[in-house]
Amino acid sequence: MAIRTRFAPSPTGMLHIGGVRTALFSWLYARRHNGTFILRIEDTDRERSTDEATQVILDGMEWLGLTADEGPFYQTRRMDRYREVIDQFLKTGHAYHCYCSKEELEEMRNRQLAAKQKPRYDGTCRNRTEPRPGVSPVVRFKNPLEGSVVVEDAIHGNVVFDNMELDDLIIARSDGTPTYNFCVVVDDSDMNCTHVIRGDDHLNNTPRQINMLKALGAAIPMYAHVPMILGQDGAKLSKRHGAVSVLQYREEGFLPEALLNYLVRLGWSHGDQEVFSMEEMTRLFDIKDVNKAASAFNPDKLLWLNQQHIMRSTPEHLAKYLKPQLAALGVNVTDDRKLAAVAKSQQERAKTLKEMAQNSRFFFEDVTSYDEKAAKKNLGAEAVAPLSTVLAKLSALPEWVAPALHDAVNQTATELNLGMGKVAQPIRVAVSGGTVSPPIDVTLEVLGREVTLARLERALAYARGQGA
RNA sequence: GCUCCCAUCGUCUAGAGGCCUAGGACGGGGCCCUCUCAAGGCCUAAACCGGGGUUCGAAUCCCCGUGGGAGCGCCA
């Protein structure tokens, strides 16, 4: 049978890395087995759902490349179908009207809690034949009173729940709208989901969903309840450490494949391998190999992985992401070839594309001032000799390519009997304004002859001024 | 409170009874390389939650604790 998985977020909060990981697992599992990946938006809570959150889900999934084969489906557009099933349940005796008031239920709950019992509906209206006048009832699912339910879970194994622990949950509110657990059941059944991969906070909901699925006469999917992601401090993920919108990671300069690589390694591994390409991930991932324990989010490792992926990327791929990062700094680049050349020169020295952009501004913008400390140390009177010497050599260069540039700088150092640092650093400050850049020969090549010479002239004048 | 889930270095993990003197990775410390920043190489500190069993032998299996988490809504 063809595998069908789904990701079903509710747009009541921003999609964060916890949600992304379950989406990733579902997506990988479907890809691995040539199955179908479905996206379903669970927006039945009209009060708390927002268009903004929905958009983050859509944009985030697209940015990450977790494309859906079917959907997005919106539950708010399936109301008729839910009502149909509710009526069917009512007719077949799988559900009944409950006229208990919220006050009565509240009182019942308090009573049970006081008696150290698990709060649950006692079934008062199960056998009611007469409606209560003036009360619009809710609809409750008639859960089996005896026996047990076994959740077959790919990660946890078989988990047994006693039906006595379950009560008759509300499937339709008094205003007629269906509730979450019910909608999930109808959807998973209608969409023929063969595997339900979701956070393990849903494990406790599963037995009641299975009972409803049975009442529906639907097939029971294979479940996989993946452990949660914790914050850095081991506490529940919060805004403080990563429960921010996934799109935040795009802004921060993370590569989608790096974020996904980080996430897939949370609770899953393949020997000692740390870096995975998307192709390797889809080929090697198996939901059965996922851990049971929750894991803490570690930003340092994410950063390291991002760097690893940056180093392994092609300059053209990086250029695509570097461009908007530069634009965010007010640097609009039109020369894609140069952009790729810059990315290539920087890919070993940036943990994020944002950082790369910040360190690459001088390739595109004029150097109008020098970093104070850098200038003081490297553009003093002693820089006059190396700068003027190298300037002369570079001006005479027939071909503006890194090896030739390297030789010119090298020869300057030899002739003046100086260390490479005494020559390269003044040049670096001259062309970049600071002390950090790719290797000097590569930097100059990318910068080009005109720009390099002009900046060297300017720095030379500056250094001469310092000597006076 | 009740039910369910979980438990190896600070963190992510390897480990499916002997291969464990518990391996790898991030981060930390040290050294090397070096024109800056990086990258890279080498070295190093650092863990089986506790207690009982089972077994010739347990990080691995069982039980009990302890700790953490989730669910118990006319929220999803």
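1. In which loop does His 156 lie? The model is a predicted one, and in it His 156 is placed in the loop between strand E6 (148-153) and strand E7 (157-162). With a relative accessibility of 22%, His 156 counts as partly exposed, since the buried class ends under 20%. Setting aside residues up to four places away in sequence, His 156 touches Asp 200, His 225 and Lys 292. Lys 288 may also be located from here: His 156 and Lys 288 are 132 residues apart along the chain, while 9.1 Å separates their C-alpha atoms.

2. Ser 295 belongs to strand E12 (residues 295-296). Its relative accessible area is 15%, and Ser 295 is therefore buried, the limit being under 20%. When neighbours within four places in sequence are left aside, the contacts of Ser 295 are Arg 21, Met 228, Ile 229, Leu 230, Leu 266 and Gly 267. Pro 439, at 144 residues from Ser 295 in sequence, lies 39 Å from Ser 295 in space, C-alpha to C-alpha.

3. The nonpolar cores deserve a separate point. The largest has 102 residues, and those with the most contacts inside it are Leu 24, Phe 25, Leu 263, Ile 287, Leu 387, Leu 394 and Ile 427. Helix H1 (residues 17-32) supplies the largest share of this core, nine residues. For Phe 25, the contacts beyond four places in sequence are Ile 197, Val 226, Leu 263, Val 264, Leu 266, Phe 285, Ile 287 and Val 290. Another core, of 29 residues, lies apart from the largest one; among its members are Val 149, Phe 182, Val 186 and Val 196. As general background, nonpolar side chains tend to be buried together in soluble globular proteins.

4. Helix H3 (residues 79-92) and helix H5 (residues 180-190) have axes that come within 10 Å and cross at roughly 100°. H3 is therefore roughly perpendicular to H5, because angles of 65 to 115 degrees are classed in that way. On the H3 side the meeting residues are Arg 81, Tyr 82, Val 85, Ile 86 and Phe 89, and on the H5 side they are Phe 182, Cys 183, Val 186, Asp 187 and Asp 190. By class, this contact contains seven nonpolar and three charged residues, with no polar ones.

5. Helix H15 (residues 384-395) packs against helix H16 (residues 402-415) at an angle of about 140°, their axes being 9 Å apart. The two helices are therefore oblique to each other, and the crossing is right-handed. H15 contributes Pro 386, Thr 389, Val 390, Lys 393 and Leu 394, while H16 contributes Leu 405, Ala 408, Val 409, Gln 411, Thr 412 and Glu 415. These residues divide into six nonpolar, three polar and two charged. Leu 394, in this contact, is listed as well with the residues that have the most contacts inside the largest core.

6. Near the end of the numbering discussed here, the axes of H17 and helix H18 (residues 440-447) come within 10 Å and cross at roughly 30°. H17 and H18 are therefore roughly parallel to each other, as angles under 35 degrees are counted so. The crossing is left-handed. Ala 424, Ile 427, Arg 428 and Val 431 of H17 make the contact with Ile 440, Thr 443, Leu 444 and Leu 447 of H18. The classes in this contact are six nonpolar, one polar and one charged.

7. Most residues other than glycine have a negative phi, and most peptide bonds are trans. Asn 34, however, has a positive phi of about 55°; Asn 34 lies in the loop between H1 and strand E2 (36-41) and is exposed, at 73% relative accessible area. Asn 417 likewise has a positive phi, of about 60°. The position of Asn 417 is in the loop between H16 and helix H17 (420-432), and Asn 417 is exposed, with a relative accessible area of 69%. The peptide bond from Gly 71 to Pro 72 is cis, with omega near 5°, and Pro 72 is part of strand E3 (residues 70-74).

How values were computed. Residues numbered from 1 in each chain as written. Chains lettered and ligands numbered in written order. Predicted model: local features only at pLDDT ≥ 70, side-chain atom pairs only at ≥ 80, totals over all residues. Heavy atoms only, no water. Axes fitted to C-alpha atoms, helices over the stretch in contact; angles between N-to-C directions. Helix = DSSP H or I, 4+ residues; strand = E, 2+ residues; numbered from the N terminus. Parallel < 35°, antiparallel > 145°, perpendicular 65-115°, else oblique. Contact = heavy atoms within 4.5 Å. Nonpolar A, V, L, I, M, F, W, Y, C, P; charged D, E, K, R; others polar. Left-handed = near helix turned anticlockwise from the far one by under 90°. Core = buried A, V, L, I, M, F, W, Y, C linked by side-chain atoms within 4.5 Å. Buried < 20%, exposed > 50% of the residue type's maximum accessible area, 1.4 Å probe, protein only.
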